[in-house]
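Please read the points below with the model open.

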Amino acid sequence: ATGEGRPTIVGSNKDWWNVCDDCRLEPLWQTWLCPKKPAGFPEREVANIIIMTPDIAGSKGGVRVPGVCRPGKEADWGDCDVGYIALWGHGPDHGDALRSSPITQNAGITGIAGTGWFLALDGGAAKHLTISPAQVPNGAPLRFAATYPS
């Protein structure tokens, strides 16, 4: 269906899905295409984790912070960014753009396993954080890090 001629992971247009040099942005679809089985690497899998924290004011399940919505979006919590999740090894310190995705009240985060994920919340480190692997396939490790509270 992708025209790649091999098993392929299809992700949104966010650079979060650009996990390696063998991924490419499909301009017509505005999605990232990554080979599921890159040469010399373990097979890639899609993973999903659930992140919950009661430490952020107003949190009801997921990561939810009142007062951080974009102007005019206060009624639509799905448009309220409260931080971001980023891939390890990318960003200005590594000579390229930060490959990340915004975090909203939705407790689920989906990306490619076999990579490292870093969580940064706008309100600072959460003192209590529950991480549940909703979908992390066997043999496809997921490395997770977050800021540590002082």
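The numbered points that follow take up a sheet, a turn, a strand residue and a pocket.

1. The model discussed here is predicted. The values below should be read as computed from that predicted model.

2. Three strands make up an open sheet, arranged in the order β1-β3-β2 with antiparallel pairing. The edges are taken by β1 (8-11) and β2, each of which has a single partner strand, so one side of each is left without a neighbour in the sheet. From one strand to the next, the twist averages 35°.

3. The pairings can be followed residue by residue. Four bridges join β1 and β3 in the antiparallel sense. On this side of the sheet, V10 stands opposite L33 in β3, and G11 has W32 of β3 as its bridge partner. Between β2 and β3 there are three bridges, again in the antiparallel sense; here E26 has T31 of β3 as its bridge partner.

4. Is β3 enclosed or open to the outside? Five of the five residues of β3 are buried, so this strand is largely enclosed by the rest of the structure. In a regular strand, side chains alternate between the two faces of the sheet. Both faces of β3 are covered, with T31, L33 and P35 buried on one side and W32 and C34 buried on the other.

5. The connection between β2 and β3 deserves a separate look. These two strands form a hairpin with four residues between them. Q30 lies in the loop between β2 (24-26) and β3 (31-35), and its phi is near 55°, a positive value in a residue other than glycine. Most residues other than glycine have a negative phi. With a relative accessibility of 39%, Q30 counts as partly exposed, because that value falls between the cut-offs of 20% and 50%.

6. A120 belongs to strand β8 (residues 116-121). Its relative accessible area is 11%, so A120 is buried, the cut-off being under 20%. Leaving aside neighbours within four places in sequence, A120 is in contact with V82, G83 and Y84. A120 and Y148 are 28 residues apart in sequence, and their C-alpha atoms are 10.0 Å apart in space.

7. What is the volume of the largest pocket, and which residues lie nearest its centre? The volume is about 380 Å³. The lining of the largest pocket consists of 22 residues, and V19, R44, A113, G114 and T115 are those nearest its centre. By class, the lining divides into eleven nonpolar, five polar and six charged residues.

Terms used: Residues are numbered from 1 along each chain as its sequence is written. This is a predicted model: local features need pLDDT of at least 70, side-chain atom pairs count only at pLDDT 80 or more; totals for chains, interfaces and linings use all residues. Side-chain values use heavy atoms; hydrogens and water are left out. Buried means under 20% relative accessible area, exposed over 50%, partly exposed in between (1.4 Å probe, protein chains only). Two strands pair if DSSP finds at least two bridges between them. Axes are lines fitted to C-alpha atoms, for helices over the stretch in contact, and angles run from 0 to 180 degrees between N-to-C directions. On a 1 Å grid over the protein atoms alone, a cavity is a set of points where a 1.4 Å probe fits but cannot get out, and a pocket is an open set with protein on both sides within 12 Å along at least five of seven lines; lining residues have an atom within 4 Å of a point. Grid points are joined across faces, edges and corners, and a volume is the space filled by probe spheres set on the points. Ala, Val, Leu, Ile, Met, Phe, Trp, Tyr, Cys and Pro count as nonpolar, Asp, Glu, Lys and Arg as charged, and the others, Gly among them, as polar. Contact means heavy atoms within 4.5 Å.
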